[in-house]
Amino acid sequence: PEFSRFKTYWGRVFEAYVGRLLREFLPTVPGLKKRLWVEHEDGFEGGVDFIILDGADAAFIQVTTEHIPINITLSGDWAEIKKSIRKLLIEREGKPGKAHRLGTAIQRFRDGSLRLNGINQRDVRRIFPILVMEHGLAQIPGITGEIRNLVAKETAMGELANFLEFWDIE
């Protein structure tokens, strides 16, 4: 229980850190009043941590300190690798994983049930899903493709999984 509480705390610290980076370094654009939406602060409960808008483009960002353990990725045991991918991105203990949450938020935005003040979702033509991780994915052949295939098949993200970006801050 103690470690679990610490992991939850650390996850919130990391999310706040990413949020601070976004707030500080997103360029201001004349005529664009608002371009960053933060879950819980900006009146939306979308299941995604941040949304950045830039004209007809949007980035939906989910932040996590969870990762696929390096010993599993380096083992070459694809059954275990897929199990870890599933826990991180699809479902963990009955709760939606990170990519599942991203896909659902994007779907809700597209169908109009996730609203951002003053934004018409039809004006947003391209959406880029981004998973910001404390630790990056192991660079082994095939893992990114395997992740994208699994996410496309098992979340609302569908074909957008081909554009799923993994950013790490180590």
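User: Which residue forms a salt bridge with Arg 126?

Analyst: A salt bridge is counted when a side-chain nitrogen of Lys or Arg is within 4 Å of a carboxyl oxygen of Asp or Glu. In this predicted model, Arg 126 pairs with Asp 57, and their closest N and O atoms are 2.5 Å apart. Arg 126 belongs to strand β6 and Asp 57 to strand β3, so the contact ties together parts that lie 69 residues apart in sequence.

User: How is the accessibility of Arg 126 and Asp 57 classified?

Analyst: Partly exposed is the class between under 20% (buried) and over 50% (exposed) relative accessible area. Arg 126 falls in that class because its value is 40%, and Asp 57 does so at 24%.

User: Where do Glu 146 and Lys 82 lie?

Analyst: Their side chains meet in a salt bridge with an N to O distance of 3.6 Å. This pair links distant parts of the chain, with Glu 146 in helix α5 and Lys 82 in helix α3, 64 residues apart. Glu 146 is partly exposed at 22%, as is Lys 82 at 38%.

User: What separates Glu 2 and Arg 5 along helix α1?

Analyst: Three residues, about one turn of the helix, separate them. They form a salt bridge with the closest N and O atoms 2.0 Å apart, and both residues are exposed. The count for the model comes to five salt bridges.

User: Which residues form the nonpolar patch on the surface?

Analyst: Phe 3, Phe 6, Tyr 9 and Trp 10 form it, with about 480 Å² of accessible area together. Phe 6 lies in helix α1 and is partly exposed at 45% relative accessibility.

Technical notes. Residues numbered from 1 in each chain as written. Predicted model: local features only at pLDDT ≥ 70, side-chain atom pairs only at ≥ 80, totals over all residues. Heavy atoms only, no water. Patch = residues over 30% accessible without salt bridge, like charges linked within 9 Å, V, L, I, M, F, W, Y side chains within 5 Å. Areas by Shrake-Rupley, 256 points an atom, 1.4 Å probe, with all protein chains shown as cover. Helix = DSSP H or I, 4+ residues; strand = E, 2+ residues; numbered from the N terminus. Buried < 20%, exposed > 50% of the residue type's maximum accessible area, 1.4 Å probe, protein only.
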